[in-house]
Amino acid sequence: MRQCDTLIRHLRAQSERAATLQAELTALPSLGPENGGRGETEKAAFIEGLLAACGITDVRRVDSPDDRVPSGSRPNLVARVPGELSRTLWIFGHMDVVPAGDPAAWTSDPWRVRREGDLIYGRGVEDNQQAVTGMLLLAEALAATGVKPRLSLGLVFMADEECGSRHGLGHVLETAPECFGAGDWYLVPDAGSPEGDVAEVAEKAQLWLRITTTGRQCHASAPERGRNAFLAGAEAVVACHEGLRGAFSRRDPLFVPPVSTFEPTRHEPAVDAINILPGRDVFFMDCRLLPDVSPESVLERARAAVAEVAERRGVRIDVDVEHSRAASVTPTDLPADAPLFPALAAAVEQVYGVRPRPVGIGGATVAALLRARGLPAVVWSRIFNTCHQPDERASLTHICGDAAVFGRLLMTDPGASHA
């Protein structure tokens with residue numbers, strides 16, 4: 001207990017160090033090639049250097065070849081610190097970030113951390129550098145205090161999370177599955193709440209639909225000579241949105257929001273001139289489905305909805321699957337030999353004074369990849385949920401508090417009660 005207290009006191013006093021790490025990480029924009037970036041190589045090298053300075057020698061590179069970036073590969077780091085037990089607490093943070101978007105929407109340069117008291121602002125400071133910084137603080141705290149952890153510690157710094165994880169954790173799990181044991185604990189600090197009072201144990205299925213309307217282009221002054229694909233596509237948007245919401249309206253209180261969602265999002269450009277009636281229209285729908293809703297039934301219902309529009313407007317409308325990912329659920333009544341959720345709930349209560357409740361979300365994290373392999377991951381952090389927004393922000397107190405939660409988990413006796 002004394003060693004645990006020493007570790008936690010050290011971590012909770014690291015606000016200035018957290019601010020420095022965040023500034024250094026933010027200045028290394030790790031954008032994937034899909035977003036016009038050079039990948040995560042520079043940030044990975046920076047993190048490797050910090051781990052080496054902590055005396056961590058068990059660091060494995062699991063790089064994924066990618067000729068779209070200058071280095072030719074996307075780096076993934078798997079670091080391990082031995083503890084008294086071989087069971088490992090694995091913590092996952094992703095190094096890549098999304099673009100800043102419109103610079104005018106930011107109060108300051110998104111790639112330079114701006115600090116206002118306890119708050120810091122910049123692209124990536126929350127998603128997912130809050131986790132990455134907390135992981136690094138924990139590694140540094142172990143080195144600085146000399147505390148021997150009860151569990152072994154595994155730190156995974158991943159590439160490519162923002163664009164699908166094919167070069168990130170997906171690649172790690174495919175090529176190095178031996179790293180992860182069935183009895184280990186898996187924590188993904190990539191979603192949460194401002195109070196830290198929720199822990200994500202389930203994710204809805206993802207289904208992205210591409211709806212293509214084919215009509216006939218003509219001059220806008222003579223619409224009777226064509227078939228307006230934009231107009232028919234707009235009707236198809238409403239038909240899909242309303243029809244799917246009505247057909248799949250069941251509620252599940254575990255999830256936030258408690259229903260399946262069907263939202264039109266991206267719309268591709270059609271014609272360049274105002275006086276051209278478009279003959280082709282393409283839009284996309286982002287569907288997040290409760291676990292008992294099958295993507296096949298949604299696809300069938302969407303096709304039926306647009307078929308009515310196609311017949312009425314004399315056009316062709318095709319509905320295709322752009323992307324699909326199955327729902328994932330981690331049971332909250334985990335077996336006695338792997339009680340991560342109750343141990344996490346106890347650690348959060350000790351640090352923050354709140355006991356998180358299990359929830360499901362519509363967003364996607366790498367926890368789904370772990371659960372698909374039978375590794376019962378839990379997602380938790382204390383965040384504002386400003387990721388992907390202008391003026392993305394994080395709290396230095398929360399960063400250090402989250403690191404303290406990691407530390408308490410690391411010092412946990414797996415056989416103890418966590419009621």
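Modeller: Let's start with strand E7 (residues 119-121), which runs antiparallel to E6 and is joined to it by three bridges. Before going on: this is a predicted model, where local features need pLDDT of at least 70 and side-chain atom pairs count only at pLDDT 80 or more, while totals for chains, interfaces and linings use all residues. Residues are numbered from 1 along each chain as its sequence is written, and side-chain values use heavy atoms, with hydrogens and water left out.

As for terms, strands (E, at least two residues) and helices (H or I, at least four) are DSSP runs numbered from the N terminus. Two strands pair if DSSP finds at least two bridges between them.

One of the residue pairs here is Glu116 with Leu119 of E7 as its bridge partner. The sheet itself is open and has three strands, in the order E6-E7-E21, with antiparallel pairing. E6 (114-116) and E21 (393-395) are the edge strands; each has a single partner strand, so one side of each has no neighbour in the sheet. On average, neighbouring strands of this sheet are turned by 25° against each other, direction ignored.

Now to Thr26, which sits in helix H2 (residues 15-26). With 1% relative accessibility, Thr26 counts as buried (under 20% relative accessible area; over 50% is exposed and in between is partly exposed, with a 1.4 Å probe and protein chains only). Leaving out residues up to four places away in sequence, Thr26 touches Pro110, Trp111, Arg112, Val113, Arg123, Val125 and Gln129, where contact means heavy atoms within 4.5 Å. With Gln129 there is a side-chain to side-chain polar contact of 3.0 Å. That term covers a pair of N or O atoms within 3.5 Å; within protein, one must be able to donate a hydrogen and the other to accept it, and residues adjacent in sequence count only if both atoms are side-chain atoms. The Thr26 side chain also reaches the backbone oxygen of Gln22, at 2.7 Å.

Nine of the 10 residues of E16 (residues 280-289) are buried, so E16 is largely enclosed by the rest of the structure. E16 pairs with E11 (residues 205-214) in the antiparallel sense over 10 bridges, and there Ile211 stands opposite Phe283. E16 also pairs with E14 (residues 261-267), again antiparallel, over five bridges; Phe262 has Cys287 of E16 as its bridge partner.

Finally, have a look at Lys204, in the loop between E10 (198-203) and E11. Lys204 is a lysine, yet it is buried, because its relative accessible area is 3%. Where does its side chain go? It reaches the backbone oxygen of Pro257 at 2.9 Å, and one of its polar atoms lies 2.5 Å from the backbone oxygen of Val259. Residues up to four places away in sequence aside, Lys204 touches Phe255, Pro257, Val259, Thr261, Arg288, Leu289, Leu290, Ala327, Ile361 and Gly362. Of these, Ile361 is 157 residues away along the chain, but the C-alpha atoms of Lys204 and Ile361 are separated by 6.3 Å.

Terms used: Axes fitted to C-alpha atoms, helices over the stretch in contact; angles between N-to-C directions.
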